[in-house]
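User: Hi! I'm new to this one, could you walk me through it?

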Amino acid sequence: MTPPPGGDRPGGARSTRLTDSSQALRRRGRGSPPSLPGMTAPTTPTGSVHAPQDAVPDEAWQHRASPRRHHTLAHHAGALPGRAPLLTGAALAVIVFCVLALGVVTGTGLTNLDPTVTGWAVHARTHPVSAVATFLSTMASTPGLTALTVLTALLLAWRGYRQHAGVLLVAMIGSSTLTVLVKDAWERGRPSTTLLLGKPASSFSFPSGHSLNSTVFLGVLAGFVLVSGACQAYKSVALGTALLVAAGVGLSRVYLGYHWMTDVLAGWSLGLAWTFAMVLVLEGVVRWQQRRAPALPPARGQGVAATAPAETAYWS
């Protein structure tokens, strides 16, 4: 009986082809694709083998492959606002606070409208609005805002944004300290407990701590987006959300009878001043990191240094 072509047993031809392919793979090394029968490597018009168009340099691949890499503040920085607008905003906010504080001491200015505004708020109470006001006030309370700050900082750190988390923690610790110091310095009494919709508070009234600290918390988070490379639509949404929620928290304090109107205005103004100061520091750190950021080594086949590949911001 004549053996089939290609070997002493059926399938010999296929085994021979596989053996030849394995030897070709060993000769080329693990890093190169084998040249199997019927397959040809892509070539340029001149006949030289080239890499696929979607191939990326090793440095860029390593930059994209690490899901928990450390992000500095400059990694996602876009067009920075500049020091002049931030300093102007901080100065205006401080001036507003000083005017309100002077009115509290002398009993002049907007403080004369406080009882009238509180009376309007009490007469405008409804069950749905009271539920929303209570929710906002609870979220901006000391326990609620502390939990939100810690959870947000942990999430930022887990995502690799440890410097962002540090800025948020420093901002909130500073605003909380500022709240206690100013309250103890002015020692202003709260509205009558007969108008209160909730449990009485033990601290002084001026300024509103809920308004101040929620403004800083929301303002710093919005500041991260505003100094980033996110598109203008995302920046507008972040800024609008921060303003809307901060306004709701402040209005809820007057509505529930915990603060006078000027307490809330003072909390907003002092919170804005502190937020502008933190964003000013944030911008300075970003500029410093951008000046010190090294470029990546030259990619294969290039004679000039390649810059780091652009990333998508975590809030986009």
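User: Where is Glu187?
Analyst: Glu187 sits in the loop between helix 7 and helix 8. Helices here are DSSP runs (H or I, at least four residues), numbered from the N terminus. This is a predicted model, where local features need pLDDT of at least 70, side-chain atom pairs count only at pLDDT 80 or more, and totals for chains, interfaces and linings use all residues. Residues are numbered from 1 along each chain as its sequence is written, and side-chain values use heavy atoms, with hydrogens and water left out.

User: What is the phi of Glu187?
Analyst: Glu187 has a positive phi of about 50 degrees, although it is not a glycine.

User: And which residues does a cis peptide bond join?
Analyst: Phe206 and Pro207 are joined that way, with omega about -5 degrees. Pro207 is also in the loop between helix 7 (162-186) and helix 8.

User: Okay, salt bridges. How many does the count come to?
Analyst: The count comes to 2 salt bridges, taking a side-chain nitrogen of Lys or Arg within 4 Å of a carboxyl oxygen of Asp or Glu. One of them pairs Arg188 with Asp114 at 2.8 Å, N to O. Arg188 is in the loop between helix 7 and helix 8 and Asp114 is in helix 4 (residues 114-123), so the pair ties together parts that are 74 residues apart in sequence.

User: New topic: how do the axes of helix 8 and helix 9 cross?
Analyst: The axes of helix 8 (residues 209-226) and helix 9 (residues 232-255) cross at roughly 180 degrees and come within 9 Å. Axes are lines fitted to C-alpha atoms, for helices over the stretch in contact, with angles from 0 to 180 degrees between N-to-C directions. That makes helix 8 roughly antiparallel to helix 9 (angles over 145 degrees count as such).

Methods: Helices (H or I, at least four residues) and strands (E, at least two) are DSSP runs, numbered from the N terminus. Angles under 35 degrees count as roughly parallel, over 145 as roughly antiparallel, 65 to 115 as roughly perpendicular and the rest as oblique.
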